[in-house]
Each structure stands twice: as structure tokens, then as C-alpha cells.
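Trainee: Could we go through this model together, starting with the strands and then turning to the rings?

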Amino acid sequence: MRPLIALACLLAVGAAAPSPIEDATLGFRLAERARRTGDADLMLSAARLVAGSGLRGATLRNGRLEAGEGLPGMPNEAVALAEEARLLAPQDRRIAEEVDRLRGARPKGIVGGSWGSGPLEFREMLAPGSSIAWTVEARGAETALVSAIGDGDAGLRLRVVDGRGRSVCDQGGDSHYPLCRWSPPRAGRYRISLGNAGRVPTRVVVLSN
């Protein structure tokens, strides 16, 4: 078994992954490699990682992330990646059966968390030099995570500041996959901003717990 697939499978069964958001981030990165190499099996591994993370669609409204109605179902992103695997191997019956199995699976992601049920996910197109920002209320002594996955066209800058304007995390604009992790000593409000540091538009997926 190839190393990347082996790693993805281990994470999919919970052997090493420290958080659902990091699972999903790895899934999206594996999907990128699968597209470049035309690897349907690797794309399926990516879909399984994203499915297992329990991602829940959200919208950015009035400076806050708002989760969709109801409990998480199979993430749309996981279904889309599974269908990409089918397209990469259109004549492969085994791949088709695995895709159908994943589509019919019952997700096992988080059903409750600091900011809604399951890790939250939303997509945004960022123009060159533009940014988006939102506020979260974090509970004390719990790990907070936010991640962004770019399409590779431009670097991203992800920043987190506390209620007094002090920097908690600053991932500079040379990364396509910035991630911020912090553990608030007490409950508090944090401001998160994500900017396009490049010269071309870029599509991003934002993940937050």
C-alpha cells in the first residue's frame, strides 16, 4: 500500500488524527494530489477522511459563522470527492461500489461542539488583496482550531486576535493551507481573519470547530 494511502486509512479509522478539522484538512490535501495523479483510490481515501470528520455546512452572516439546520449528515464535500473518484476510474466496478457505499454510509462526526454541531465548513472566493473576518466565542481550556484550504493559486494569510487585539496566531501569506490552533485560558471572544495575499483570485474552504 502506498504511504499516502496508508496514512489516510490510519487516520480514517481514528489511529492518529488529533481532530476532525485536521482530518478534513488532510482529506482535501490528499484530494489535490489525487487530481494531479489521476489516482481514484487516493481520492476515495480523501473522501473517507472528509466524511469521517462530520463537516457541517455553514454561512458567514453578520460577522459570525452560522451552522445549517439540523444535525450533520454526510458532508456534501465528501460526496463530491467520492464522485470525483468515480470519474477518475469510470470503468472500475470496485471503485463504483466503494463510492455507492460511502454515499450510503451514516456519518460518525461530532454532533455537538463549541460553535454548533460538528466542525463547520464554508467556501469563499477571495479577490486579490481581499479578506474576510468573523468572530467566535471560545470556551476556556478547550482547543480551538481554524483552517483554510486554498486552491493553490495564491497564498493565504490566517490571523487570530483576542478581545484585546493581541495576536494569538498569524500564519503568513505564503501558505495554501494555513491552520491556527490555540487553547484559550478562559472563555472569550476571538477575531479571525483570512486574506488573499496573492495577485489572482483564489477559492478557499474554511474549517472551524
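**Strands and rings**

Trainee: What stands opposite Tyr190 in S9?

Mentor: Asp162 stands opposite Tyr190 in S9. Before we go on, this is a predicted model, where local features need pLDDT of at least 70 and side-chain atom pairs pLDDT 80 or more, while totals for chains, interfaces and linings use all residues. Residues are numbered from 1 along each chain as its sequence is written, and side-chain values use heavy atoms, without hydrogens and water.

Trainee: How do S6 and S9 pair?

Mentor: Strand S6 (residues 156-162) and strand S9 (residues 188-196) run antiparallel over 7 bridges; strands are DSSP runs of E of at least two residues, numbered from the N terminus, and two of them pair if DSSP finds at least two bridges between them.

Trainee: And what is the strand order in the sheet?

Mentor: The order is S4-S9-S6-S7 in an open sheet of 4 strands with antiparallel pairing, and the edge strands are S4 (131-138) and S7 (167-175).

Trainee: Switching to rings, how many aromatic pairs are there?

Mentor: The structure holds 2 aromatic pairs, counted when ring centres of Phe, Tyr or Trp (its six-membered ring) lie within 6.5 Å, with planes under 30 degrees apart called stacked, over 60 edge-to-face and the rest tilted. Phe122 and Trp134 are edge-to-face, 5.7 Å centre to centre with 85° between the planes, whereas Trp182 and Tyr190 are tilted, at 5.5 Å and 50°.

Trainee: Why does Trp134 count as buried?

Mentor: Trp134 counts as buried because its relative accessibility is 0%, where buried means under 20% relative accessible area, exposed over 50% and partly exposed in between (1.4 Å probe, protein chains only).
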